[in-house]
Amino acid sequence: MTAAPICRFCASPLTRTFLDLGEQPLANSYLTPEELAAGTERKHPLHARVCSQCFLVQVGDPVSAEAIFDTGYAYFSSYSPSWVAHAKAYAEAMTRRLQLGPQSLAVEVASNDGYLLQHFANVGVPVLGIEPTANTAEAARERGVPTEVMFFNAETGKALAESGVQADLMAANNVLAHVPDIGGFVAGFRHVLKPQGVLTFEFPHLLNLIEQVQFDTIYHEHFSYLSLTAVEQVLRANGLRPFDVELLSTHGGSLRLFCAHEASAHAEAQSLRDLRAREAAAGLGRIETYDGFAPRVEAVRRGFLGFLQQARDEGARVAAYGAAAKGNTFLNYCAASARDIVCVFDANPHKQGRFLPGSHVPILAPADVAQVRPDYVLILPWNLKDEIMGQLAFIRAWGGRFVTAAPQVKIWA
Ligand SMILES: [Zn+2]
């Protein structure tokens, strides 16, 4: 018998399951025809647990970072137009709110190719990017964003501070869920942030995951599933505190948490108190709440398998749209395969001609929809449902219909 794994943050034994998704391939490892034929696909346990002390929901059996990032897949943030627009709006709002100028410094952790900091640099605010991947850091420098190649943690944060780096604004947007050592990562900010500086974290909100049964957002690359309840404890353990929050629509509902030094002058906003009360009312501070999630996921699976059976009975052809990571968790948990779903359409040319991990559904270009003539198109990235239904509205010409699977199966007329 092996000992229970321990919490990434508070080191308590993790004895409670949030959701056990069994053995799953890495969600972003799309197979070439040669890899599919070779049959060497690897699977790893994907078991989300919740800490009964600090309520951090976490994937407790980490796959090595090497395995995750060695998928020949470099992600450049600037490839996504909607993400770049989101970044520009953030830069404008923060420059105004904090009255940043030529004497200020804006630092982003996991700054990628400079997609965010470029907007500060363009209005004359000095910037510094911190990015562990050398080739994306190089792309950032080419667009005028000075970037240090390093992993951010307590030691590197301290070293930066000792070299004179002191930030008015620090941004770590959509990175907190991806760091294995969440406490050590947050500790670094304490060193680099000025006494009255502001730090923002953006992350998908666990409350939405639970309420909307967004279990497909659980995959190996996401180590933590975050609530204010859990993050506030991590901050306070490191001399920091939240003081304001904005609710964002990104990733099915995210939080943008504004944080500062414990002793700073930033007053706590009503929106933060409201969120704390909402999480308490939803039971995020009680272990029983987390125990109730897996049965709801099982109900989603049953509903989806019922839909596939109905489609078989009708002799209908089911295709999917969007070869995103979350779709892979969903299809593999439901044990759906290319027998159930003839193909998946995706606009990314690097994915076309490959196969989804686990389910082995072939990936085709959206231009192929008219040849395939599916009776049902299952929308896997549900957060883009309206956009996708608009783009593929023409399937209605042959009676095609759209399907979404969570929080329950819905066929859109
Ligand atoms: Zn814990």
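Guide: Start with burial: buried means under 20% relative accessible area, exposed over 50%, and partly exposed in between (1.4 Å probe, protein chains only). This is a predicted model: local features need pLDDT of at least 70, side-chain atom pairs count only at pLDDT 80 or more, and totals for chains, interfaces and linings use all residues. Residues are numbered from 1 along each chain as its sequence is written, and side-chain values use heavy atoms, with hydrogens and water left out.

Visitor: Which residues coordinate the zinc ion?

Guide: Donors are N, O and S atoms within 2.8 Å of the metal (3.2 Å for Na, K and Ca); water is not among the atoms, so sites may look incomplete. Here the SG atoms of Cys7, Cys10, Cys51 and Cys54 coordinate the zinc ion at 2.3 Å. Their spacing in sequence is C-x2-C-x40-C-x2-C. Cys7 sits in the segment before β1, and Cys51 in the loop between β2 (44–50) and β3 (57–59), 44 residues away. Helices (H or I, at least four residues) and strands (E, at least two) are DSSP runs, numbered from the N terminus.

Visitor: Are Cys7 and Cys51 buried or exposed?

Guide: Cys7 is buried, with a relative accessible area of 4%. Cys51 is buried too, at 0%.

Visitor: What arrangement do the four donor atoms around the zinc ion make?

Guide: Four donors count as tetrahedral if all angles lie between 85 and 135 degrees. Around the zinc ion the angles are 98 to 122°, so the arrangement is tetrahedral.

Visitor: How many salt bridges does the structure hold?

Guide: A salt bridge is a side-chain nitrogen of Lys or Arg within 4 Å of a carboxyl oxygen of Asp or Glu. The structure holds 17. Take Arg16 and Asp291: their closest N and O atoms are 2.6 Å apart. Arg16 lies in strand β1 (residues 16–24) and Asp291 in helix α11 (residues 287–291), so the pair ties together parts 275 residues apart in sequence. Arg16 is partly exposed at 30% relative accessibility, and Asp291 is partly exposed at 34%.

Visitor: Where do Arg143 and Asp113 lie?

Guide: First, the contact: their side chains meet in a salt bridge at 3.7 Å, N to O. Arg143 is in the loop between α5 (134–142) and β6 (147–149), while Asp113 is in the loop between β4 (106–109) and α4 (117–121), 30 residues apart. Arg143 is partly exposed at 35%; Asp113 is buried at 3%.

Visitor: What separates Arg141 and Glu138 in helix α5?

Guide: About one helical turn, because they are three residues apart in helix α5.

Visitor: Which residues are linked in a network of salt bridges?

Guide: Glu232, Arg236, Glu262, Glu268, Arg273 and Arg276.

Visitor: What order do the six strands of the open sheet have?

Guide: Two strands pair if DSSP finds at least two bridges between them. The order is β14-β13-β12-β15-β16-β17, with mixed pairing. At the edges, β14 (363–364) and β17 (410–412) each pair on one side only. Inside the sheet order, β12 (residues 318–321) and β15 (residues 376–379) run parallel, joined by four bridges. Ala319 stands opposite Val377 in β15.

Visitor: Which helix lies across β12, β15, β16 and β17?

Guide: Axes are lines fitted to C-alpha atoms, for helices over the stretch in contact (heavy atoms within 4.5 Å). Angles run from 0 to 180 degrees between N-to-C directions. The helix is α12 (residues 293–314), running at about 165° to β15.

Definitions and conventions: Four donors count as tetrahedral if all angles lie between 85 and 135 degrees; four count as square planar and six as octahedral if opposite donors are over 155 degrees apart and all others between 65 and 115; anything else is irregular.
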